[in-house]
Amino acid sequence: MPAPEKCRFAKSHEWAYLDGGKVAVGISDHAQNEITDVVFVELPKPGRRVKAGEACAVVESVKAAFDIYAPVSGEIAAVNADAAKDPSLVNQSPHDKGWLFAVAPADPKELDALMDYARYQEFLKSAAH
Amino acid sequence: MTATAELRRTALYNVQKEMGAKLVDFHGWELPIQFSSILKEHQAVRTACGFFDVSHMGQIWAEGRDAADFLQRLNSNDIRRIGPGKAIYSHLLNERGGVVDDVIVSCLGPGRYMTVVNAATTGKDWAWFQKHARGREIRLENMSDFYGMLAVQGPLARRIVSELVPGCVKLPRFGVLETELFGRQAIVQRTGYTGEDGFEIMVPNEVCVRLWEELISRGRSYGAVPCGLGARDTLRLEAGYLLYGQDVDDEHSPFEAGYDWVVKLDKPDFIGKQALERQKREGLRRRLTGVKLSEKGVPRAGGAVYADGRKAGELCSATFSPTLGTGIGVGYLDRTDLAPGRSVEVEIHGRRAAAETASVPFYKRPVAAD
């Protein structure tokens with residue numbers, strides 16, 4: 001999986017990375033650090049059609065449940081069964097072993113609407129997030 | 001953003017912030033919810049030891065010739081059962097049999113008692129004590145702002161605390177020792193809220209940081225870690241302890257909460273006794289019931305519980321149980337006929353998950369070696 005610096009980010013703290021025609025999705029290191037102690041991951045069914053901004057997965061920590069939104073529209077092409085089996089991967093390795101699902105994007109240009117790494121860092125610093 | 005300027009802080013606030021604690025607003029107090037991870041802290045308490053700052057809790061002293069009679073009237077449990085050096089868990093009841101607070105009453109000497117009360121209810125309890133003390137030979141003192149309080153919990157707590165208070169090893173469960181630490185008064189009780197062996201230590205605020213730092217440094221070689229409210233909540237729920245204001249309150253009785261054992265109807269009159277006798281005669285319409293998920297997911301407080309397809313109540317406390325590796329919760333169900341192991345459904349994040357009723361506590365510690 002890619003270095004965080006190469007990913008795009010949604011305001012809802014998902015990262016997205018286009019590779020081989022599919023967009024891999026996970027949650028950012030900042031998000032996993034805020035959520036902490038992930039104990040349950042509910043992933044979408046492969047083949048499901050999703051719209052950008054649609055809730056399609058759930059990450060549950062001891063503290064609370066968090067909806068994960070599709071960063072781009074398309075069809076769920078793959079899910080990370082390892083993360084479902086061992087949810088702590090999301091904390092340990094949010095950008096690599098803890099990825100959640102991949103979308104076959106309807107329009108890869110939708111990625112351009114997301115923040116790049118530098119802008120996401122600024123977004124985190126701003127009090128508004 | 002919360003108005004943090006208005007939140008109260010314990011003597012350990014700065015030290016804990018420096019340690020990297022994540023702080024939250026807990027009933028008007030700014031307290032750590034976690035230091036490293038709720039799961040890791042939980043595990044440390046079950047297998048080694050954890051330290052909790054519980055300085056937000058209150059202490060109300062009652063001294064004088066009438067102190068025992070006074071407390072006997074305010075408490076559902078039998079205060080005459082404890083003598084100097086012993087503590088007892090009890091409920092303060094209102095006239096309707098509802099719970100004003102759940103407390104630990106400690107006897108420090110003849111006619112000398114300390115009641116440890118919940119943080120959010122300290123003011124209410126203090127007013128309740130004062131109201132009922134009128135005309136009695138008793139001196140009440142609210143010492144809540146004077147004492148800091150640390151809980152040292154886990155199978156290795158005994159070894160760590162004994163380095164500072166050698167006498168603690170001789171304390172039985174619910175034993176109380178008044179001693180000195182750093183030249184100041186210290187009260188050490190073998191009590192806790194985690195389901196493990198452990199101690200709660202009260203010292204004047206001025207030496208609280210010193211006690212905390214001594215414990216942290218001595219505990220390191222034992223694998224002991226500082227813990228926050230997050231682990232405190234998962235630990236207490238596994239152990240079947242009530243969280244006042246969430247699981248029990250002025251509108252719920254100890255019978256409804258399944259805490260029959262703290263009510264001694266055979267002792268002389270106490271506030272709430274008549275209401276509870278009536279409740280016992282007429283039977284309960286709701287009862288705090290444990291549920292355990294049969295599938296993956298984490299139940300949350302407020303989630304509906306369905307029995308035979310009908311909503312029977314809502315969860316008042318629920319979480320992921322790190323020890324059981326499954327979702328657990330308790331809620332008042334109007335189906336008082338459900339035995340443990342009955343299939344029910346619990347609403348989780350917009351879906352209904354399979355669950356079953358479970359006996360509480362969900363976790364019992366292995367029998368201690370000592």
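Predicted model: local features only at pLDDT ≥ 70, side-chain atom pairs only at ≥ 80, totals over all residues.
Colleague: Which residues line the largest cavity?

Modeller: The lining is made up of Gln16(B), Leu31(B), Pro32(B), Phe52(B), Asp53(B), Val54(B), Cys227(B), Gly228(B), Leu229(B) and Arg232(B). Two or more residues each come from β2 (29–34), β3 (50–53) and α7 (229–238) of chain B.

Colleague: How do you know how many of the lining residues are nonpolar, polar or charged?

Modeller: Each residue is classed by its type, and Gly counts as polar. The lining of the largest cavity then divides into six nonpolar, two polar and two charged residues.

Colleague: Now to the second largest pocket: what is its volume, and which residues lie nearest its centre?

Modeller: The volume is about 500 Å³. Of the 27 residues that line this pocket, Asp37(A), Val38(A), Ser88(A), Asn91(A) and Leu39(B) lie nearest its centre. β4(A) gives the largest share of the lining, three residues. By class, the lining has seven nonpolar, 13 polar and seven charged residues.

Colleague: Why is the second largest pocket said to lie between domain 1 and domain 3 of chain B?

Modeller: Domain 1 (4–55 + 146–238) and domain 3 (285–370) of chain B both give residues to the lining of the second largest pocket, so the pocket lies between them.

How values were computed:
Residues numbered from 1 in each chain as written. Chains lettered and ligands numbered in written order. Heavy atoms only, no water. 1 Å grid on protein atoms, 1.4 Å probe; cavity = no way out; pocket = protein on both sides within 12 Å on 5 of 7 lines; lining within 4 Å. Helix = DSSP H or I, 4+ residues; strand = E, 2+ residues; numbered from the N terminus. Points joined across faces, edges and corners; volume = space filled by probe spheres on them. Domains from an automatic or database assignment.
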